[in-house]
Amino acid sequence: MQLARRALSPRLKLSDVESCRTDADFVRKELEEIFWQVAHPYSEAVEFPGIVDPRVSLTATWIIDDLDAGNSTWAYAKAPLADGATSPMLPHLCSQEETQAVAATAQTLTGKPGSLLVWLGPYWMSNMIGAASFWKDYDAQTRYKYLSGQRQQAAGADGGSFRALTNAQAPGVPQEELCTTIVQATYVREFMAPRTAAPDPAAVATVAASDGERSLLELLLLPRDAP
């Protein structure tokens, strides 16, 4: 966090901490569209052009579970600057064409447990990469098997219908290897209002289960009156 303070502000403060667990199997079978988002405070900008300063926040993203090409539906992209120096482009204020252009530059989020990524300014993120991909592949495989004689049409009124296939493939108990978690902490400069009120570090320390947990909480919260 010393580097963060030097890069952004000596009075950096915690804005929010979020944890997200994503089931890659659910994303690939149940979702149909990909949506992008940015962290606070850029997410709160509701009128164009939004926050024009690209350096009012810093986001730390911890990878909790092993993320690889097989189970990651996460991707990220640095928000382009509209005029080259200011006015970062935000997903909720972009046209469909602009969104597609930024999405084309996105990188898949992968890493080992405990890995940390630190982003200065707004980054586009999505945990919906690969939405509906299962059905695209499944449909092609099914047609090939039917045409090649490897598979016969199921008997019954709706045996070969899309609804029957959907019901057959409906997810049951989540596969743990496809369920991954990341934790994201966002810090903002002193003149920005935090998204959530920070708890008193002293009070948090009293309920920490261990010295390691207490140290992590103190690191996340930062001193209220940074030097």
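The model is predicted, so local features need pLDDT of at least 70 and side-chain atom pairs count only at pLDDT 80 or more, while totals for chains, interfaces and linings use all residues. Residues are numbered from 1 along each chain as its sequence is written, and side-chain values use heavy atoms, with hydrogens and water left out.

**Overall fold**

- The protein has seven helices and seven strands; here helices (H or I, at least four residues) and strands (E, at least two) are DSSP runs, numbered from the N terminus.
- Starting at the N terminus, the elements follow the order α-β-α-β-β-α-β-β-β-α-α-β-α-α.
- Of the 227 residues in the protein, 39% are buried, where buried means under 20% relative accessible area, exposed over 50%, and partly exposed in between (1.4 Å probe, protein chains only).
- Among contacts with a separation of 6 or more, 87% come from residues 24 or more positions apart; a contact means heavy atoms within 4.5 Å.

**The three-stranded sheet**

- An open sheet of three strands has the order β4-β3-β6, with antiparallel pairing. β4 (107-108) and β6 stand at the edges with a single partner strand each, so one side of each has no neighbour in the sheet.
- Two strands pair if DSSP finds at least two bridges between them.
- β3 (residues 75-78) joins β6 through four bridges in the antiparallel sense, and Lys-78 has Tyr-123 of β6 as its bridge partner.
- β3 and β4 are linked by two antiparallel bridges, with Ala-75 partnered by Thr-108 in β4.
- In a regular strand the side chains alternate between the two faces of the sheet. β6 is covered on both faces: Tyr-123 and Met-125 are buried on one side, and Trp-124 and Ser-126 are buried on the other.

**The largest pocket**

- The largest pocket has a volume of about 340 Å³. On a 1 Å grid over the protein atoms alone, a pocket is an open set of points where a 1.4 Å probe fits, with protein on both sides within 12 Å along at least five of seven lines. Grid points are joined across faces, edges and corners, and the volume is the space filled by probe spheres set on the points.
- The pocket is lined by 20 residues, and Glu-18, Gln-37, Val-38, Ala-39 and Gln-184 lie nearest its centre; lining residues have an atom within 4 Å of a point.
- β1 (13-23), β2 (57-63), β6 (123-126) and β7 (179-188) each supply at least two lining residues, and β1 gives the most, with three.
- The lining has 10 nonpolar, eight polar and two charged residues. In this scheme Ala, Val, Leu, Ile, Met, Phe, Trp, Tyr, Cys and Pro count as nonpolar, Asp, Glu, Lys and Arg as charged, and the others, Gly among them, as polar.

**Core and buried residues**

- The largest nonpolar core has 17 residues, of which Val-38, Tyr-42, Ile-51, Val-56, Leu-90, Trp-124 and Met-192 touch the most other members. Such a core is a set of buried Ala, Val, Leu, Ile, Met, Phe, Trp, Tyr and Cys residues joined through side-chain atoms within 4.5 Å.
- Beyond its neighbours within four places in sequence, Met-192 is in contact with Lys-13, Pro-41, Ile-51 and Val-56.
- Val-102 sits in helix α3 (residues 96-103) and is buried at 4% relative accessible area. Not counting residues up to four places away in sequence, Val-102 touches Ala-77, Pro-80 and Trp-124.
- Thr-59 belongs to strand β2 and is buried, at 4% relative accessibility. Outside four places in sequence, its contacts include Ala-39, Trp-119 and Gln-184.
- Thr-22 is in strand β1, and its relative accessibility of 5% makes it buried. The C-alpha atoms of Thr-22 and Ile-182 are separated by 8.7 Å, although the two are 160 residues apart along the chain.

**Backbone details**

- Most residues other than glycine have a negative phi, and most peptide bonds are trans.
- The peptide bond from His-40 to Pro-41 is cis, with omega near 5°, and Pro-41 is in the loop between α2 (24-30) and β2.
- Ser-87, not a glycine, has a positive phi of about 60°; it lies in the loop between β3 and α3 and is buried at 14% relative accessibility.
- Ala-132 is not a glycine either, yet has a positive phi of about 65°; its place is the loop between β6 and α4 (133-148), where it is buried with a relative accessible area of 15%.
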